[in-house]
Amino acid sequence: MSDITLDVPESRAGQPQPFRIGLLGRGTVGGAFAELLGERADTVAALTGMRPEISGVLTREGGDFDEVIEKADLVVELMGGINPAREYVLKSMRAGKHVVSANKQLLSQHGEELWAQARESGVQLRFEGAVAGVVPVVRVLQETLAAAYIERIHGIVNGTTNFILTEMRKSGASYAEALKQAQQLGFAEADPTDDVTGKDAAAKMAILARLAFSSPVNLDQVRYEGIEDITADDMAYAEELGLGLKLIGTAERVDGGLSVRVHPAFLYGGHPLASVDGPFNAVTIESPAITEITLSGPGAGGPQTASAVLGDVISAMIPPASTPETIETLPIVADVVSAFYLHLEVEDRPGVLAQIADVLGQHGASVRSVVQHGLGENARLIMVLHPIGERSFYAGLERIAQLPFMRSRPRAIRVIDEEFM
Ligand SMILES: NC(=O)c1ccc[n+]([C@@H]2O[C@H](COP(=O)([O-])OP(=O)(O)OC[C@H]3O[C@@H](n4cnc5c(N)ncnc54)[C@H](OP(=O)(O)O)[C@@H]3O)[C@@H](O)[C@H]2O)c1
């Protein structure tokens, strides 16, 4: 798309006032932000009547924090981590500066303290870049759907794991091979721990849950599992059953409380997240009034995240915007209902399937579909179960694991049993 040429409004023509930005961190995102700001400053001036400029930079190599905030109208925090980012963001707001941050770890662990400070200081704290990169989900929850009754959010909010799972499905690669490829192509970091264990996605889901339900949610209340134990076999069998596997974040209302969790899950083809492949992110928001909306796009990357940061800067230049209010404090619910995919290696003899079905039945589980493969003297049973309480299911699974004909530990992965067609 070509650049739009916009004229500075008549009354502000000539010399638009400078709008000074203090930049904390100039790495992947901070560097891209500085570059983007240089390219788009004229357009921002035309839109807002003020010309943004970087008035000071702090990195580990140089810069003085007090000087940076002294000279700034707004502070952009792109350092990452909790300390000293938390202290710097608090100090900036106490000094009356708006803050824009993309720091999901900070917001998911100290959001309440930071939002309270923003309210007390009468400044804005904006954080679109912290969740799903450039996908404008924070804005949609805070503004468009501010008063909607939201029932559930599902998200693919980690591009690294989505890339790995997509590669495993398409090429039959193992988890280790797909991770290596992701690292070679720059979709995974040298230390991918936070991504592959689900911790990064958990932080993002804590933030989305906080916004969707107007109830405090901290990272330590989010259960998460990663993708390290997913096998190429899981992918192949799932295809046979018409399922696709994703690392899914869920935030939903359950029994008057909330459940926020991240785990691998199978999806049927009609789910809007089923077709989201590669490093892309997508979030589905369900509310009775709107059925569902899905937002998708690049989930990370310097220029992409910088674009979300610049959008936040412009919004802060044109007030007002809200900070998340606590409307109620909902309990976090531990036991939720889920459908399951079950992978069992058993001795191939009569009565085995009946015994397994019997144990499952005693725990309230019923079977939706079964695929059986012979393996010489053994057999592999792949089942999909209808939704069942997780606690009851895992108790049944433990009993199945003890049955004498089992040849290895049973494996279970949740299935998201929803389709929007
Ligand atoms: N990368 C992405 O695609 C992406 C996407 C969404 C959100 N984010 C978030 O954006 C933030 C920045 O990520 P990034 O990938 O740009 O990180 P990065 O490349 O590691 O850059 C971090 C920057 O912060 C500076 N810094 C770190 N600790 C500091 C300290 N104690 N004092 C002063 N400066 C310090 C570093 O200084 P030096 O240059 O001197 O080392 C560097 O300039 C993080 O919160 C991250 O979660 C990143």
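1. A word on the model. It is predicted: local features need pLDDT of at least 70, side-chain atom pairs count only at pLDDT 80 or more, and totals for chains, interfaces and linings use all residues. Residues are numbered from 1 along each chain as its sequence is written.

2. Next, the contact between domain 2 and domain 3. Domain 2 puts in 14 residues and domain 3 ten residues. Two residues count as in contact if their C-beta atoms, placed from the backbone, lie within 7 Å. On the domain 2 side, helix 10 (232–240), strand 8 (243–254) and strand 9 (257–268) each supply at least two residues. Strand 9 gives the most, with five residues. Helices (H or I, at least four residues) and strands (E, at least two) are DSSP runs, numbered from the N terminus. By type, this side of domain 2 has nine nonpolar, three polar and two charged residues. Ala, Val, Leu, Ile, Met, Phe, Trp, Tyr, Cys and Pro count as nonpolar; Asp, Glu, Lys and Arg as charged; the others, Gly among them, as polar.

3. The ligand has 22 residues around it, and Gly-25, Gly-27, Thr-59, Arg-60 and Gly-80 come nearest. A residue is near a molecule or strand if its C-beta atom, placed from the backbone, lies within 6 Å of it. Helix 1 (residues 28–48) gives the most to this shell, with three residues. The shell divides into seven nonpolar, eleven polar and four charged residues.

4. Strands pair if DSSP finds at least two bridges between them. Strand 1 (residues 17–24) and strand 3 (residues 74–77) run parallel, joined by four bridges. Ile-21 stands opposite Leu-74 in strand 3.

5. Last, the whole chain. It has 13 helices and 15 strands. The radius of gyration is 24 Å, close to the 22 Å that the globule rule gives for 421 residues, so the chain is as compact as a globular protein of that length. The radius is taken over C-alpha atoms; the rule is 2.2 Å times the number of residues to the power 0.38.
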